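Have a look at the model first.

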Amino acid sequence: MADQTKKRYVTTEDLKKHNQPGDLWISIQGKVYDVSKWVKTHPGGEAAILNLAGQDVTDAFIAYHPGTAWHHLEKLHNGYHVKDFHVSDVSRDYRRLAADFSKRGLFDKKGHVTLYTLTCVGVMLAAVLYGVVVCTSVWAHLVSAVLLGLLWIQSAYVGHDSGHYNVTSTKPCNKLVQLLSGNCLTGISIAWWKWTHNAHHMACNSLDHDPDLQHIPIFAVSSKFFNSMTSRFYGRELTFDPLARFLISYQHWTFYPVMCVGRINLFIQTFLLLFSKRHVPDRAMNIAGIMVFWTWFPLLVSFLPNWQERFVFVFVSFAVTAIQHVQFCLNHFAADVYTGPPNGNDWFEKQTAGTLDISCRSYMDWFFGGLQFQLEHHLFPRLPRCHLRTVSPVVKELCKKHDLPYRSLSWWEANVWTIRTLKNAAIQARDVTNPVLKNLLWEAVNTHG
């Protein structure tokens, strides 16, 4: 009783007031922490905390942190507790499920998926080198280009897993895998990926907070983008101008072609971040890693006999990776969207609403890299992919219990849903009553509907 009398309390409304840079409070299980100064050193980046500041973040904390992280919290405790702290039924069940997985050791049992995948990547890399350097056949070069694209896909899956610390039990080894599979092999910085991906997980399918939905002027999944909203992630306006209107009006036709060259954008985003003034963890190592890629890849292409074959080789290898880029879109483009910051009190609900699973046979799990279980991954991002199929029925039952969506579509159905979403937005973008339509090219193309 003596300890109870020493506690100081704030209300949920009081907590909400501390949600601006320099004044950031969060609560975990009703205990309040001041993370104003610590936010810049947060391993998951600033965006995760900035998006959820002023709220109870227990579910998000459980999802992203191992049990060893709890003892780091005490030094951030400011002495306050939330007086009207409340746990919803769905959150209570989610936490029980996470605790059960932890007791069963599922978060620690990494399996051998990474070893198998990296072995496969090594074999494909050897085959690519042989096909390009030794063989003189055009067909051998084309096959090598396809293998290189598949290599990049599988390597990206390992990079994704290592970014969620699902690969090894030690941080240095995990970081090494990140740099090798991401920067060195694919040319895409793991620092850039973690920066955007963590924000995506925290604000899943928020139009103004989730960078994975912000593709103006090329794509728009919702007509709400037509009001030129501000990206809270990038800190700039997503302008819906005549060019954006024109491109978005045909996005259901351009979706797959754009995906074939989508890798170029990832390279650009990597360079923009690494050579920006932003705080980038391990900047030097990330730059060194992508320099490794931009050494071996151009050198490999130079072994091809002429510029025509070099162009075809690069294009085919990029186009094959479109399979993965399309998959990332299928998981979210046709799901529910919202505007505004995420709410820590409906973590489970937001993840179910913003994700779609892809149903497939177990022998195809390697092809999808575990991300066909997108909801399971979003709810338990630390869970190694070898366990996602196992926990899927339990997650499905929990969704059913709380009347929440659990959508698992075939690859074909997911594509149909995505194209339908893009088409609906495209038709709305063509609305001639919108005053942004003052473009002669637009009028010429659409004169006959």
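This is a predicted model, so local features need pLDDT of at least 70 and side-chain atom pairs count only at pLDDT 80 or more, while totals for chains, interfaces and linings use all residues. Residues are numbered from 1 along each chain as its sequence is written, and side-chain values use heavy atoms, with hydrogens and water left out. Helices (H or I, at least four residues) and strands (E, at least two) are DSSP runs, numbered from the N terminus.

- As background, most residues other than glycine have a negative phi, and most peptide bonds are trans.
- P217 sits in the loop between α9 (190-202) and β6 (230-231).
- S228 is found in the loop between α9 and β6 too, and its phi is near 55°, a positive value in a residue other than glycine.
- S228 counts as buried at 18% relative accessibility; buried means under 20% relative accessible area, exposed over 50%, and partly exposed in between, using a 1.4 Å probe and protein chains only.
- D282 isn't a glycine either, yet has a positive phi of about 55°.
- You'll find D282 in the loop between α12 (262-274) and α13 (283-302), partly exposed with a relative accessible area of 33%.

**Helix α9**

- α9 has 13 residues and reaches 18 Å from its first C-alpha to its last, close to the expected 18 Å, where the expected span is 1.5 Å times one less than the number of residues.
- α9 is mostly covered, with 12 of its 13 residues buried; among them are W192, W193, H197, H200 and H201.
- S189 caps the N-terminal end of α9, with a side-chain oxygen 3.0 Å from the backbone nitrogen of A191.

**Where α15 meets α20**

- Two packed helices are described by the angle between their axes and the distance between the axes.
- The axes of α15 (residues 322-330) and α20 (residues 411-429) come within 10 Å and cross at roughly 70°; axes are lines fitted to C-alpha atoms, for helices over the stretch in contact, with angles running from 0 to 180 degrees between N-to-C directions.
- That makes α15 roughly perpendicular to α20, a label for angles of 65 to 115 degrees.
- On the α15 side, I323, V326, Q327, C329 and L330 meet W411, A414, N415 and T418 in α20, where contact means heavy atoms within 4.5 Å.

Note on methods: Polar contact = N/O pair within 3.5 Å; in protein donor to acceptor, adjacent residues only side chain to side chain. Parallel < 35°, antiparallel > 145°, perpendicular 65-115°, else oblique.
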